[in-house]
Amino acid sequence: RFLQNTQIINYLYETLFIPEQSQNINKHYLAQYIFLLNYALFEPDHANTHTNTNTSTNTANDNDDDDVKHKQQFDANIKMLTNVSDICRDHSFAVTLSENAEKQNTLFEGIQHAGIARGVLIWINYCMYVKSERYFNENFETYLTPLLVSIIAQIASVHIFLRPSVAQFAYNMIYNIGDQTTSTLSTKSAVSFSAKDTAAESMKNLEVIQTMLDIMVFIIQLGEYQLVFEIINKRPHDLIKLDRSLHRHFITQIIGTCLPPLPTQFVVSLCKLLKDDHILAAIRNDQNTSDIVSTFVQKHESLAPEDVKTILSQINNNQQRPLY
């Protein structure tokens, strides 16, 4: 029963997948923790289970065979959990992963298992979000972010129950870095200020945020649009923190990659987002984006007539404004 306790499971995950958590823990205890987590998560594969036969002898033999197979699966899962968690607990994970394709493959193989995928996602969140200052100051993102983003996308594709965690991670990253985008001096001292370095830092932040926005769009493409819009609507004032080019990128990616037929609720939710003052300001600021949005909302005017009217009015008023 104690392995059904959420706090116990979270403790095992944090100990096995977060580097700092396991620093003072004996390897013998780590092995026991791996066994316990595997025991709590293990679900035998019944795909090859024998069908019932006519004799009790055959049935007994079949059960013995199944027990052997389940033991083999259990041991294989322990080995995979051990290998993946070892990678995640490595303080030099950035260098290790950049130089070792075998370990990269181990991560991709491991995340096919739901329980291991959850641990890897906890690790990525810790590295990129919780310890974001170290991650970006040491320029890990230049060679590690594409790998981690690929892992995140694969987790979202395979494991439906982890999609809320993936979307929340991307959202947290967007607005954590978004604060720095509005003030690129936030992580620099006045003494070391350099206009060139500040501009480069700002561009780097924009690129990472754009990548996280692409993850949000990918979650929408998987059919989880309600999840994404709910997360955004919980903190609508955070939109003001982002550069307008990011707003335009997000909107045009959604409209350009989500093809008809579109669910009514998706269109209604998107139109509600499009009429946000900050989003509209970004749209009006670019003719191409204005054209894309205008075409989209006109096609779906019957589904959200009031919102479409507001959006088109704002876009048209801006286009008709005389230049002085």
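At what angle do helix H12 and helix H14 pack? Let's find out by clicking through the model.

**Before you start.** This is a predicted model, where local features need pLDDT of at least 70, side-chain atom pairs count only at pLDDT 80 or more, and totals for chains, interfaces and linings use all residues. Residues are numbered from 1 along each chain as its sequence is written, and side-chain values use heavy atoms, with hydrogens and water left out.

**Stop 1: the whole protein.** Show everything as a cartoon. You're looking at 16 helices and zero strands (DSSP runs numbered from the N terminus: H or I of at least four residues for helices, E of at least two for strands). Of the 324 residues, 43% are buried, meaning under 20% relative accessible area with a 1.4 Å probe and protein chains only; exposed is over 50%, and partly exposed is in between.

**Stop 2: H12 and H14.** Select residues 244-257 for H12 and 277-284 for H14. Here's the answer: they pack at about 90 degrees, with axes 8 Å apart. Axes are lines fitted to C-alpha atoms, for helices over the stretch in contact, and angles run from 0 to 180 degrees between N-to-C directions. That makes H12 roughly perpendicular to H14 (65 to 115 degrees; under 35 is roughly parallel, over 145 roughly antiparallel, the rest oblique).

Now show side chains. Arg244, His247, Arg248 and Ile251 of H12 meet His278, Ile279, Ala281 and Ala282 of H14, where contact means heavy atoms within 4.5 Å. These residues divide into four nonpolar, two polar and two charged (nonpolar: Ala, Val, Leu, Ile, Met, Phe, Trp, Tyr, Cys and Pro; charged: Asp, Glu, Lys and Arg; polar: the others, Gly among them).

Stay on H12 and colour its buried residues, including Leu246, Phe250 and Ile254.

**Stop 3: H1 and H6.** Select residues 6-17 for H1 and 114-130 for H6, which pack at about 65 degrees with axes 9 Å apart. On the H1 side, the contact uses Ile9, Asn10, Tyr13 and Phe17; the H6 residues include Gly115, Arg118 and Trp123. By class, this contact has seven nonpolar, three polar and one charged residues.

**Stop 4: Ser165.** Zoom in on Ser165, in helix H9 (residues 163-182). Is Ser165 buried, partly exposed or exposed? Ser165 is partly exposed, at a relative accessible area of 39%.
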